[in-house]
Amino acid sequence: MLQMAGNLVFRCSYDGDIAMFCLPNGSSFDGMCDVVRSKFTNLANGSFEIKYVLPGADPCVLCNDDDMSFMFAFFSVSGCEYVELIVRNTCSPVTESAIIIPDVDPEFNPFIDVDIVDNSSGKVFLCEAWKGCITHVQQRFPGGVSDFRNQLGKFCIAMGVEVEFKKNHRNRVTAVCSRSVDEGCKWFVHAVLRRSDGSFVIKKLVNEHTCTGRFMGRKTKMTRSKVVASVIADKMESEPNMAAKDVVKSMKRDYGITVPYWNAWNAKEMAWREIHGDDDKSYRDLVRYVDMLQQTNPGTRCFLEVEPQTYRLCRIFVAIGGCINGFMRCRPIIFVDATFLKSKFKGTLMAATAINGDGGIVV
Ligand SMILES: [Zn+2]
């Protein structure tokens with residue numbers, strides 16, 4: 001047993017990543033949650049569950065200090081080298097066990113058809129610049145595997161070629177030209193994760209296509225909604241009301257790429273989440289938000305009403321404690337205004353204001 005003065009060693013897996021840490025005997029459940037949150041990103045307070053693996057039995061849920069006491073008592077005498085922990089994000093729609101590391105990113109779908117418009121008119125499209133997305137060994141992609149895949153997708157569109165993934169893992173990606181067998185094309189890239197900063201780095205590259213794999217004027221599988229989303233994200237910041245049909249027009253006009261409507265819609269949703277956050281997650285977090293408001297702002301009044309059968313949000317009322325005190329010192333007239341919510345979930349946002357003794361507005 002790898003124990004140090006009553007410590008237990010934990011091997012914790014979440015979303016394909018592993019972290020090791022020690023905790024002293026008698027540690028609280030909250031202490032365990034703090035350590036787990038510090039090891040992985042995207043884990044908010046109360047948004048995940050922890051299970052530990054008992055040898056020869058199903059994983060047990062860790063919920064409170066009693067569970068912690070039992071776990072320490074059991075593993076202190078079990079002779080195991082470490083305790084296996086499985087962390088699952090309960091806000092994520094992904095239901096697979098976090099201990100399974102998929103060989104292919106389930107979100108990655110290169111099989112989305114796009115047309116590359118024949119550039120016979122001589123117009124130079126913006127995607128010409130994407131030929132410089134993959135250039136040399138030791139080229140770094142700060143955004144990790146997702147960044148690398150996006151740049152590779154853009155490079156293939158610009159070069160008019162398709163590639164096949166021999167390995168497509170979050171830690172390493174190997175791709176060859178799709179004509180490597182038919183025409184003996186030697187184009188090849190191998191990139192790996194640099195753990196020190198989370199970036200992706202090209203380790204091997206043969207950056208010359210000797211094939212005739214041009215697909216200009218016909219469909220290709222070498223792009224996906226994420227590539228389109230990364231292209232339109234900047235534009236959506238200045239044009240937040242951009243519709244899917246505007247994305248289709250923009251991609252065709254500026255990049256010479258015909259994107260099917262539903263791929264454009266999907267890309268628009270991804271870009272929106274990138275800029276403004278996930279609407280679904282924001283609504284799911286309302287319960288915790290109300291709890292935190294009441295814990296951290298004394299005197300706060302919150303009411304959250306949902307449909308009993310579906311748990312669908314009906315209405316929420318929030319009055320921050322400090323604002324309630326402020327209203328007590330205002331002139332005895334309350335103004336109520338409302339605006340329509342135009343995002344994915346419609347509704348009406350109402351706000352109350354009043355005027356204080358200095359003529360200032362209190363919200
Ligand atoms: Zn090739």
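Two strands pair if DSSP finds at least two bridges between them. Helices (H or I, at least four residues) and strands (E, at least two) are DSSP runs, numbered from the N terminus. With that in hand, here's a hairpin to start from: strand 8 is joined to strand 9 through 3 residues. These two strands pair in the antiparallel sense over 5 bridges, and Val-163 stands opposite Cys-177 in strand 9.

What you're looking at is a predicted model, where local features need pLDDT of at least 70, side-chain atom pairs count only at pLDDT 80 or more, and totals for chains, interfaces and linings use all residues. Residue numbers start from 1 along each chain as its sequence is written.

So how confident is the predictor? The score here is pLDDT, its confidence in each residue, from 0 to 100. The protein chain averages 80, and 85% of the residues score at least 70. Residues 92–117 stay under 50, and the model has 48 contacts for them beyond four places in sequence; a contact means that C-beta atoms, placed from the backbone, lie within 7 Å. Where pLDDT is low, the predicted coordinates should not be read in detail.

Now for the open sheet: 5 strands in the order 2-1-5-3-4, with mixed pairing. Strands 2 and 4 sit at the edges, each pairing on one side only. Neighbouring strands are turned by 35° against each other on average, direction ignored. Strands 1 and 2 pair in the antiparallel sense over 8 bridges, with Cys-12 opposite Ala-19 in strand 2.

| Helix | Residues | Angle |
|---|---|---|
| Helix 1 | 29–39 | about 145° to strand 2 |
| Helix 2 | 65–76 | about 125° to strand 4 |

Next, the cores. A nonpolar core is a set of buried Ala, Val, Leu, Ile, Met, Phe, Trp, Tyr and Cys residues joined through C-beta atoms within 7 Å. Buried means that 20 or more other C-beta atoms lie within 10 Å of the residue's own, again placed from the backbone.

The largest core has 40 residues, and Phe-155, Val-228, Ile-232 and Val-247 touch the most other members. Helix 3 gives the largest share, 8 residues. Apart from this core lies another, of 15 residues, among them Cys-12, Met-32, Ile-50 and Met-71. Phe-155 touches Trp-130, Lys-131, Cys-133 and Ile-134, not counting residues up to four places away in sequence.

Note on methods
pLDDT = per-residue confidence, 0-100. Contact = placed C-beta atoms within 7 Å. Axes fitted to C-alpha atoms, helices over the stretch in contact; angles between N-to-C directions. Buried ≥ 20, exposed ≤ 12 C-beta atoms within 10 Å, placed from the backbone.
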